[in-house]
Number of protein chains: 2
Amino acid sequence: MEESTRRPTKKKVVAVVGGGLVGALNACFFAKRGFNVEVYEIREDIRQAKVVKGRSINLALSHRGRQALKHVGMEEKIVSQGIPMHARMIHSLKGKQSPIPYGKKDQYILSVDRANLNKELLTAVEAFPNTKLNFDHKLQGWSAETGLMTFVRSDGSKEQINADLIVGCDGAFSALRKQFLRRSRFNYSQTYIPHGYMELTIPPLNGEFAMKPNYLHIWPRNTFMMIALPNMDKTFTCTLFMPFEDFEKITTGDEVITFFQKYFPDAIPLIGADTLKRDYFRLPAQAMVSVKCSSYHIGDKCVLMGDAAHAVVPFYGQGMNAGFEDCIVFDEIMELFNEDFSAVLPEYTRVRVPDDHAIADLAMYNYVEMRAHVNSKWFLFRKHVDNILHFLLPQTIIPLYTMVTFTRTRYHEAVERWHWQNKVINRGLFFCAAGAFFGSSYLLIKNPPDIDKLVVPAEKMWNRLVALRTS
Amino acid sequence: MEESTRRPTKKKVVAVVGGGLVGALNACFFAKRGFNVEVYEIREDIRQAKVVKGRSINLALSHRGRQALKHVGMEEKIVSQGIPMHARMIHSLKGKQSPIPYGKKDQYILSVDRANLNKELLTAVEAFPNTKLNFDHKLQGWSAETGLMTFVRSDGSKEQINADLIVGCDGAFSALRKQFLRRSRFNYSQTYIPHGYMELTIPPLNGEFAMKPNYLHIWPRNTFMMIALPNMDKTFTCTLFMPFEDFEKITTGDEVITFFQKYFPDAIPLIGADTLKRDYFRLPAQAMVSVKCSSYHIGDKCVLMGDAAHAVVPFYGQGMNAGFEDCIVFDEIMELFNEDFSAVLPEYTRVRVPDDHAIADLAMYNYVEMRAHVNSKWFLFRKHVDNILHFLLPQTIIPLYTMVTFTRTRYHEAVERWHWQNKVINRGLFFCAAGAFFGSSYLLIKNPPDIDKLVVPAEKMWNRLVALRTS
């Protein structure tokens, strides 16, 4: 009880479980509203830790995440520590590089360092007078009825605290969520994709970036792919995404090199053959999970946010951004319902579940698109058509990627709009093609050309069409 | 350790967790193979219990379930204790009853009593010399590495046993499955449907069944429905399926009567107005969950079967039948792989997961079909077409319901075949319609009729078509 009664203010106690990205940011949001915020993190303070264990090294920060950071006055600082990426850079098998912009010229996503961002956010939490960070606190049990929580520390000692609101930001494998699973009518799914991921590093070359830095580099190879994001220290972090059984087929350093020579030949000199041989076996490939659930709350006492509510696969670069946007959405609803938890929590579930499910599905969809479709000429053609239409009709046709990445259009509305746009555009293309066919037929009938002169160009055009469909 | 070393035979120890329908039947399968079988059931022996808590009262036994019972010599006995149902009996709003047969004349499903079937199966387990039933044993923990299991009894005492194989048949809320959830790359989903169910009873009328007994009675009302299955004691058990919020709208006895007068008027005298007023509030509506997961096994030590692996919603009448078929499939694989658990378990997962997922999806599909589509004339027309085609081409066109209910066609193959058949039949119907149109047009052109005579019949036909599409 000591914890909850320490500050005899009128404001309620909000316990944030998890001091990762979403937990720390959320603590700032609640602190800004004047709540007494206690953050409970299972690990040690990463600002003091020598080795930071955790997930992937860098992340793509985009509009939704930035808006949330802006709310707590951190946008500028974090943006200054990130590297803008204006386009994907597609690496062909032959090493040819072709950029595909993310949006308009001034639109970009930012490569940011996960550990650094987390440290900055924890420091921001501490800057509030009404917050406390509690590290080395493992959630052992809690009651949805009373809000009483029990934590255990690594020395075995226990601590009990009472919170008015428990906010679960403890990630994809949330300890808090376990209790949700035991309750009736809680829908839940966890889906592991057949791919794993492995991180490799491209060191600087003569003190400079070894590739163009302002791009998200992609080596799409249909059933698998590699990507690389730039870091502030002029390295790139490569992530190889591949089915687990393919990872397991490679068992020696020489097999690694043979594999890279076949599929990523231009990456070998960048990573370094010897480093590659060694680093490939440093850690086993890691699994990726997509988690969906509903509802996000129990009564007026507990709510799940971030990965604890909706872990997504990383292929749309929206995991952190969606989690950060959770904080804004919750805050907006708090404003609307005058901080009455009994009204805010159900409304949050009602509003947010369809959006989170939509981004989870989109990320799964992009899991195929990123490694396979970007290789197709039809995909590139459609990207061009979308961009031209967006330029001509900026309010009517907005590419899906733009809506997701550079606006706060609700995810599920972005998906609905995307389906509608696709229908309209595909129909338009069909009518254009039909018009071209009948128009040229009419001209041909009016001015019949020398048939013999047509055979060669017709054959060429046919071959090109065949190549387009099969590429 | 006492338990596992008690019988110094060479045969391995199989621990079956759960003494419900699938657990008890499975114990017979393993006992028949000569294993030392220990069944652990959390409840008391239901054969001694005064009040049997549990789920729905009666179940529909069909071919797959019967085949499994046959394997352990119990088919005849159980069939003799069930009531054949040859057809659905659709009750219209006006009380009109129309039968829709399940298959051919000699094909039927059986209404069986869950508690009685469970008791018979437990007695069958005990008839083997190499089995032991352990009631009042709650699984507290277990190790997938060593097979060591800890049980706790209601007096607080604990018991540890070592099993060579742990078979989880402990139902939709399986305690054993919890450990699966903690392992990486375990896919899992639990989905509650928005409907709940409530059971009511139609007593005998003058010592006889109050409705025709050899039918599954259905009152389909689009967004909700009621069904009734006959019991050996000449009662019917009615089950009302309805969205929870609709259940909650009815708060007084008079509202129950008003609701039934509007939607199930013919059921009021059968149940009795006073009983209805009382029984509606006896228990709250119960939830229904659909559970899918994979894999079903961990190493060579543990496997999930029955509802623990694949709880389905009850609308295809296949929950128990699928669980019983699990036992046959596992037994067939045991035969194929010479009882080598390290080969049998992965193969069981490989073979059975797609079939269980298919029946889970089908049950969800029928959740709509049973309460809404059976009201549509198009549905009935297609049922007739399917049956006629099945009569003409018995090997080529087999109705889905027949494949699922009266054969052991693998569930996922039944679904694939169904999709193919639908394509073929719908195309056939289209060509028939087109042929009829052009044929009649040709005849009309050759022998132009008096136009005035055509107006009235054309209008009639049009109205009928409109009614068909909107019904």
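A: Start with a helix. Residues 428-445 of chain A are 100% helix and 0% strand, with the end C-alpha atoms 25 Å apart. Helices (H or I, at least four residues) and strands (E, at least two) are DSSP runs, numbered from the N terminus. Now the ground rules. This is a predicted model, where local features need pLDDT of at least 70, side-chain atom pairs count only at pLDDT 80 or more, and totals for chains, interfaces and linings use all residues. Residues are numbered from 1 along each chain as its sequence is written, chains are lettered from A and ligands numbered from 1 in the order in which they are written, and side-chain values use heavy atoms, with hydrogens and water left out.

Q: What feature does UniProt place at residues 428-445 of chain A?
A: An unreviewed UniProt entry gives "transmembrane region" for 388-407 and 428-445 of chain A. UniProt positions follow the numbering used here, feature names are shortened, and annotations may be inferred rather than shown by experiment. Residues 388-407 of chain A are 60% helix and 0% strand, and their end C-alpha atoms lie 19 Å apart.

Q: Which domains does the assignment give chain A?
A: Domain bounds come from an automatic or database domain assignment. Here chain A has domain 1 (2-83 + 112-190 + 289-368), domain 2 (191-287) and domain 3 (377-470). Taken over C-alpha atoms, the centres of domain 2 and domain 3 of chain A are 35 Å apart.

Q: How many disulfides are there over all chains?
A: A disulfide is a pair of cysteine sulfur atoms within 2.5 Å. The count over all chains is 0. Take Cys28(A): the nearest cysteine sulfur, that of Cys327(A), is 9.1 Å away.

Q: Is Cys28(A) buried or exposed?
A: Buried means under 20% relative accessible area, exposed over 50%, partly exposed in between (1.4 Å probe, protein chains only). Cys28(A) has 1% relative accessibility, so it counts as buried. Cys432(A) counts as exposed, at 55%.

Q: Where do Asp356(B) and Arg352(B) lie?
A: Both are in helix H13 (residues 341-369) of chain B, 4 residues apart, about one turn of the helix.

Q: What volume does the second largest pocket have?
A: Rolling a probe the size of a water molecule over the atoms shows where empty space is left. On a 1 Å grid over the protein atoms alone, with a 1.4 Å probe, a pocket is an open set of points with protein on both sides within 12 Å along at least five of seven lines; lining residues have an atom within 4 Å of a point. Grid points are joined across faces, edges and corners, and a volume is the space filled by probe spheres set on the points. The second largest pocket has about 760 Å³.

Q: Which element gives the most to its lining?
A: H14(B), with 8 residues.
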